[in-house]
Amino acid sequence: MTLSAARGHLPLIFIPQGLYSTQAIHIRYMKKVFLVLTIFATATAASASVSLDSCRNMAVRNNKTIRMAEENLRGAGYYKEAARAAYLPGIDFTGTYIYNQHEIKLLGEDAKLPTMSFDPATQSFNYNILKGPDGTPIKDPATGSYIPTEVAVIPKEAMTYDTRNVFAGALTLTQPVFMGGQIKALNEIAGYGELLARATRNSLTQNVVYAVDEAYWLVVSLKEKKLLAESFVKLVDTLRYDVQAMLDEGVATRSDVLTVEVKLNEAKIALTKVNNGLTLSRMALAQLCGLPVNTQMMLEDEELKSAGVIEADGSENLEDVYSRRQDLEMIRQSINMLKGRERLAMGQMLPKIALVGAYSFSNPNVIDGFEKKFGGGFSVGATLTVPIWHWGGDYKRYKAAKAQTAAQRLLLEDTEEKVSLQVSQARFSFDEAKKTYAMTVTNMEKADENLRQADLGFKEGVLTTNDVIGAQTAWLQANSEKIDAEISIRLCKTYLSKVLGNLNY
């Protein structure tokens, strides 16, 4: 049972309704309830065993790097939706207020305009100007212009407009018709960006899962080596007891006792190191799982089972591997995004057409004369933008985007070659780990028999203390190598799954 499962099976405690009558009684009761829950949760957690799958689940759920990748993936989805909105018409409102220091005065003083009268004789209009006795028009000596006999007066105030406080606004609708393919390119880039974010999240998840597996099996390995070290201490201590008894009987020397005691101290030191390493490895595993480092977790696989039947799964066809590998998927989506950048750069060199509609208003307005009130009207039209000459800047940006795409394609080819080598190495390491495990099993059987023969020979007096210590050391090494081989075969299987792209979680 996992820690999360254990915590999910706490006993239900029903609080009688009458206890809510006073706050003090309620607080005392809740303290007792909390104490009961704490004791139960502690006892349950202490006896629970955590599986490898539970550790993976906790690590994936609590890892901040993966959570950041999840947020990036969510953001990429929003970018995709925003890019899709570019196909739709945009509606904008603009409001403006302006304060002007002066009014607009079209006249500096009253204007006097000459008038005209209709002459029936000539059937035309003639200016009303002053004429002499002979009928000749008289000019003003000062200005040299004709002197009117009648004038029309335009007062200065009539041509003065109060524009000190101006309010204006416009509601505009813009519908893209053809933007040089840039809107489509933006949508494709946003879609590939979401796929890139998802591949990044998956790749990070695989890395975290593999790190958890390493930490998990390290704890299991050190737990096994702790038991082995304890057994070795007992084994050497038993030998020390036998040699001490033989010394008391005069059939052994003080040197034999000291030799065994030195070996016993070495065994105890090794046991201390293993205990410290086990404590630290448990803390590292808890940290990877997102738990406090002092969390005590009993692992489901602490009683290490035989690794001889473990087999790798998944196809090793390179094309299938390439399609499953998330790091390659990241590069492929980067190539697609760079292709979109090429189309964006190309769109800069193409014409752009859009429809525009607007309702504009202002106060004051001049729709029907100058009026100090809001007035406005609709307008519709189309805009056409045709790039003509930009000194090759847009074309150079297009060529730069193509060069980046070509570089990313080469990176993909190079990475695929490395993945091919990685798959071969991982398969070789897995097969080698299985062979090594089989040999360590044989070596351990021989070490057990060698230790048994050494004990018999020592008791019969045909072997020395050093012979027994040597057999014990060989037994310790054989068992330690078997533990390492058992852990190695599991880690090699996990790594092979990661390399083949099958380590999905």
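Predicted model: local features only at pLDDT ≥ 70, side-chain atom pairs only at ≥ 80, totals over all residues.

User: In which loop is Pro 364 found?

Analyst: Helices (H or I, at least four residues) and strands (E, at least two) are DSSP runs, numbered from the N terminus. On that numbering, Pro 364 is found in the loop between strand S11 (352-363) and strand S12 (375-385).

User: What is the omega of the peptide bond that joins Asn 363 and Pro 364?

Analyst: Most residues other than glycine have a negative phi, and most peptide bonds are trans. The bond joining Asn 363 and Pro 364 is cis. Its omega is about 5 degrees.

User: How far apart in space are Val 366 and Gly 376, C-alpha to C-alpha?

Analyst: Along the sequence, Val 366 and Gly 376 are 10 residues apart. In space, their C-alpha atoms are separated by 9.1 Å.

User: What is the phi of Gln 123, and where is Gln 123 found?

Analyst: Gln 123 is found in the loop between strand S5 (116-119) and strand S6 (124-127). Gln 123 counts as exposed because its relative accessibility is 58%. Although Gln 123 is not a glycine, its phi is positive, at about 55 degrees.

User: What is the phi of Trp 391?

Analyst: Trp 391 is found in the loop between S12 and helix H9 (393-460). With a relative accessible area of 73%, Trp 391 is exposed. This residue is not a glycine, yet it has a positive phi of about 60 degrees.

User: At what angle do helix H5 and helix H8 pack?

Analyst: Two packed helices are described by the angle between their axes and the distance between the axes. Axes are lines fitted to C-alpha atoms, for helices over the stretch in contact, and angles run from 0 to 180 degrees between N-to-C directions. The axes of H5 (residues 182-249) and H8 (residues 326-347) lie 8 Å apart. The packing angle is about 165 degrees.

User: Which orientation class does the pair of H5 and H8 fall into?

Analyst: Angles under 35 degrees count as roughly parallel, over 145 as roughly antiparallel, 65 to 115 as roughly perpendicular and the rest as oblique. H5 and H8 are therefore roughly antiparallel.

User: How do the residues of the contact of H5 with H8 divide?

Analyst: A crossing is left-handed if the near helix is turned anticlockwise from the far one by less than a right angle, and right-handed if clockwise. The crossing of H5 and H8 is left-handed. Ala, Val, Leu, Ile, Met, Phe, Trp, Tyr, Cys and Pro count as nonpolar, Asp, Glu, Lys and Arg as charged, and the others, Gly among them, as polar. On that scheme the contact of H5 with H8 holds 10 nonpolar, 12 polar and 4 charged residues.

User: Which residues is Asp 213 in contact with, leaving aside its neighbours within four places in sequence?

Analyst: Asp 213 lies in helix H5. Its relative accessible area is 0%, so Asp 213 is buried. Contact means heavy atoms within 4.5 Å. With neighbours within four places left aside, Asp 213 is in contact with Leu 52, Arg 56, Leu 491 and Thr 494.

User: What is Arg 201 in contact with, on the basis of the same exclusion of neighbours within four places in sequence?

Analyst: Arg 201 has its place in helix H5. With a relative accessible area of 16%, Arg 201 is buried. Leaving aside neighbours within four places in sequence, its contacts are Ala 69, Glu 70 and Leu 73.

User: What separates the C-alpha atoms of Val 274 and Lys 226?

Analyst: Val 274 is found in helix H6 (residues 254-288) and counts as buried at 15% relative accessibility. Not counting residues up to four places away in sequence, Val 274 touches Leu 222, Lys 225 and Lys 226. Val 274 and Lys 226 are 48 residues apart along the chain, and their C-alpha atoms are separated by 5.8 Å.

Definitions and conventions: Residues numbered from 1 in each chain as written. Heavy atoms only, no water. Buried < 20%, exposed > 50% of the residue type's maximum accessible area, 1.4 Å probe, protein only.
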